[in-house]
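Hi everyone, thanks for coming. Please have a look at it first.

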Amino acid sequence: MSTERIVRAGRELGMRNLGVNAVAARIGVSATALYRHIEGRWELERLVGESFLAELTLRDDPEEDIERHLVSFGGQLRSFLLSHPGLASYVQVLFPRGEAGVRLLLDEVAALERRGYSADAAVVLSGAVASLVTWSAVAEERQSADADPAGYERERDAVTTMIADHARLGQAHSGLPAVTPKEFSRLLLIAQIRGLVSVAPPGRPVGEIVAELSAAGDRW
């Protein structure tokens, strides 16, 4: 029994199926024996989650402006999270939770500092983009996990027909371009990033950003 063996078993199960009992069964020991080496579910999740995040290296093209950089950052993060089912939920709960997460945060903060942001503003901006991507990935995973393909297609077709036959919505809907879920997520992320950059350009203090957004949302 070793931490390395526990992590290996956890990785084989994957974040979505991770649990103390599941890891213990895979190794061939009791949960009680496993608790002699880890404190519980939280430590198990951190050990395995950080081992996955350690494999992610964010590419940064210095020629990209801030908007293109953030879109690239978001796209890389989204692809990595979706390639490891359950990892998005791990990141969503708390971040960073270990050395791998800290490294990723430092790398992105450094990339934004090179584009004129202060460290605190870089933390806020990178965190905002990461949160948007993570929420989207979690929602996409849940939809995929809960999907009943036949039922979903039946309901989708019914909704499409209902809208197409609607007196006011039909004509508007027919003029919409066809986009895949992945492309829609990308377009939505770009729109969100443009909004973030417009209110949080390089050099603007975080206090001013928060004050402007707070004033705009006084009726929330």
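Let's begin with His69, which is buried, because its relative accessible area is 2%. Here buried means under 20% relative accessible area, exposed means over 50%, and partly exposed is in between, using a 1.4 Å probe and protein chains only. His69 sits in helix 5. Which residues does His69 touch, not counting those up to four places away in sequence? They are Asp60, Glu64, Glu108, Ala111, Leu112 and Arg115. By contact I mean heavy atoms within 4.5 Å.

A quick word on where this comes from. It is a predicted model, in which local features need pLDDT of at least 70 and side-chain atom pairs count only at pLDDT 80 or more, while totals for chains, interfaces and linings use all residues. Residues are numbered from 1 along each chain as its sequence is written, and side-chain values use heavy atoms, with hydrogens and water left out.

Now the overall picture. The protein has twelve helices and zero strands. Helices (H or I, at least four residues) and strands (E, at least two) are DSSP runs, numbered from the N terminus. The C-alpha atoms fill a box of roughly 65 × 50 × 40 Å along the principal axes. The radius of gyration is 21 Å, whereas a compact globule of 220 residues would have one near 17 Å. That radius is taken over C-alpha atoms, and the globule rule is 2.2 Å times the number of residues to the power 0.38. Of the 220 residues, 37% count as buried.

Back to helix 5, then. How do we describe two packed helices? We give the angle between their axes and the distance between the axes. Helix 5 (residues 66-82) packs with helix 11 (residues 181-199) at an angle of about 140 degrees, and their axes are 10 Å apart. The axes are lines fitted to C-alpha atoms, for helices over the stretch in contact, and angles run from 0 to 180 degrees between N-to-C directions. Helix 5 and helix 11 are therefore oblique to each other. Angles under 35 degrees count as roughly parallel, over 145 as roughly antiparallel, 65 to 115 as roughly perpendicular and the rest as oblique. On the helix 5 side, the contact includes Ile66, Leu70 and Arg78, and on the helix 11 side it includes Leu189, Ile193 and Val197.

Helix 1 (residues 3-13) and helix 2 (residues 20-27) give us another pair, with an angle of about 110 degrees and axes 9 Å apart. That makes helix 1 roughly perpendicular to helix 2. Among the residues in this contact are Ile6 and Leu13 of helix 1, with Val23 and Ile27 of helix 2.

Next, please find Glu141 in helix 8 (residues 119-146). Is Glu141 buried or exposed? It counts as buried, at 9% relative accessibility. Leaving aside neighbours within four places in sequence, Glu141 is in contact with Arg16, Leu81, Leu82, His84, Pro85 and Gly86.

For contrast, look at Ala211 in helix 12 (residues 206-216). Ala211 is partly exposed, with a relative accessible area of 46%.

One last stop. Most peptide bonds are trans. A cis peptide bond, however, joins Phe95 and Pro96, with omega about -5 degrees. Pro96 lies in the loop between helix 6 (87-93) and helix 7 (99-113).
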